[in-house]
Amino acid sequence: MKKYLVIGNPIEHSLSPNLHNYWLNKNKISGNYDKKLLTDEKVGEFLKSNQKISGINVTVPFKKTVLNHCTELTELASISQSVNTIIFSNEKIIGDNTDIYGFEQSLKDLNFDGLNKTAFILGAGGVVSSVVIALNNLGVKNIVISNRTKNKAEALAKDYNLVVSDWGKIVDFDIVINCTSVGLKQGDNLGLDFSKVKDKIFYDIIYKPKTKFLIDAEGLGNKILDGKMMFLYQAQKSFEVWHGIKPEINEEAINLLND
Ligand code: ATR
């Protein structure tokens with residue numbers, strides 16, 4: 001039986017095992033998907049010592065940590081400098097990125113056309129490079145980034161050709177994406193004033209709980225999108241990379257995230 005798992009810290013609430021085990025079962029593949037709590041120092045040792053594992057998903061905060069421990073990176077992992085999927089093949093540890101696909105596909109579902117659109121990114125954490133690359137793939141050329149700690153936004157702006165805006169200032173945009181961790185805890189408040197914005201798209205990478213960012217935006221008549229479909233699509237792509245089968249995102253799979 002092949003073994004798969006997700007590593008992160010914290011990892012207790014990860015829904016990846018539910019989803020992957022559901023798909024393994026559904027596709028009659030003999031395998032098991034588990035979760036593993038690690039610390040930063042233990043990641044390299046774990047990857048090198050566990051060659052009986054066929055694949056690993058990587059979540060916060062190790063998507064960059066694992067870069068150094070992979071023996072190869074796919075093109076997408078390399079350009080994003082972010083790995084969320086690892087494939088063990090013979091002696092190789094191959095780092096891949098399916099977050100880009102996940103984000104891109106979730107916007108394709110909305111028939112989003114990036115031509116002449118401006119995207120406004122909040123935050124400068126690990127997921128931002130994947131979001132930027134996906135936006136570029138969708139044709140978005142104007143991307144403005146704002147982060148509480150400005151120099152982190154500046155570093156990303158330099159690498160990915162973005163415009164930096166001061167934290168607290170709301171620029172003109174067609175789509176705004178919350179890539180900060182604000183909203184993960186009930187009652188979290190970004191403290192930004194979007195009260196004059198309507199008929200735009202508000203996207204939150206967080207999918208649980210429904211964030212104040214999205215609740216307020218919806219109340220003002222904006223279109224909202226949470227991170228659920230991105231999560232499902234990145235998982236679907238990982239599954240396809242490992243098993244050669246594209247699993248179905250059906251109602252049952254979606255409901256696994258609602259429990
Ligand atoms: P990761 O890289 O693992 O995704 P991270 O680097 O901790 O996570 O990124 C979290 C993001 O949320 C950062 O952009 C962080 O802003 P700072 O760079 O200033 O720390 C942002 N963030 C977290 N708490 C915040 C808050 N209360 N207000 C505004 N931004 C916040």
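Analyst: A residue is near a molecule if one of its heavy atoms lies within 4 Å of it. This is a predicted model, where local features need pLDDT of at least 70 and side-chain atom pairs count only at pLDDT 80 or more, while totals for chains, interfaces and linings use all residues. Residues are numbered from 1 along each chain as its sequence is written, and side-chain values use heavy atoms, with hydrogens and water left out.

User: Ok, which residues come nearest to the ligand?

Analyst: Gly126, Asn147, Arg148, Thr149 and Lys152 come nearest, out of 13 residues around the ligand. That shell divides into four nonpolar, seven polar and two charged residues. Here Ala, Val, Leu, Ile, Met, Phe, Trp, Tyr, Cys and Pro count as nonpolar, Asp, Glu, Lys and Arg as charged, and the others, Gly among them, as polar.

User: What is 2.6 Å from an oxygen atom of the ligand?

Analyst: An N or O atom in the side chain of asparagine 147. A polar contact is a pair of N or O atoms within 3.5 Å. Arginine 148 has a polar side-chain atom 2.9 Å from a ligand oxygen, and for serine 181 a polar backbone atom is 3.2 Å from a ligand oxygen. On its own the ligand has 640 Å² of accessible area (Shrake-Rupley method, 1.4 Å probe), and the protein covers 70% of that 640 Å².

User: Which space is taken by the ligand?

Analyst: The largest pocket. A molecule sits in a pocket if more than half of its atoms lie within 2 Å of the pocket's grid points. On a 1 Å grid over the protein atoms alone, a pocket is an open set of points where a 1.4 Å probe fits, with protein on both sides within 12 Å along at least five of seven lines; lining residues have an atom within 4 Å of a point.

User: How much space lies in it, and what lines it?

Analyst: About 1600 Å³, as the space filled by probe spheres set on the points. Of its 44 lining residues, Thr59, Val60, Ser181, Leu184 and Ile206 are closest to the centre. α8 gives the most to the lining, with three residues. Helices (H or I, at least four residues) and strands (E, at least two) are DSSP runs, numbered from the N terminus.

User: Switching topic: where are the cis peptide bonds?

Analyst: One joins valine 60 and proline 61, with omega about 5 degrees. Another runs from lysine 208 to proline 209, with omega near -5 degrees. Proline 61 is in the loop between β3 and β4, and proline 209 in the loop between β11 and α7.

Terms used. A polar contact is a pair of N or O atoms within 3.5 Å; within protein, one must be able to donate a hydrogen and the other to accept it, and residues adjacent in sequence count only if both atoms are side-chain atoms.
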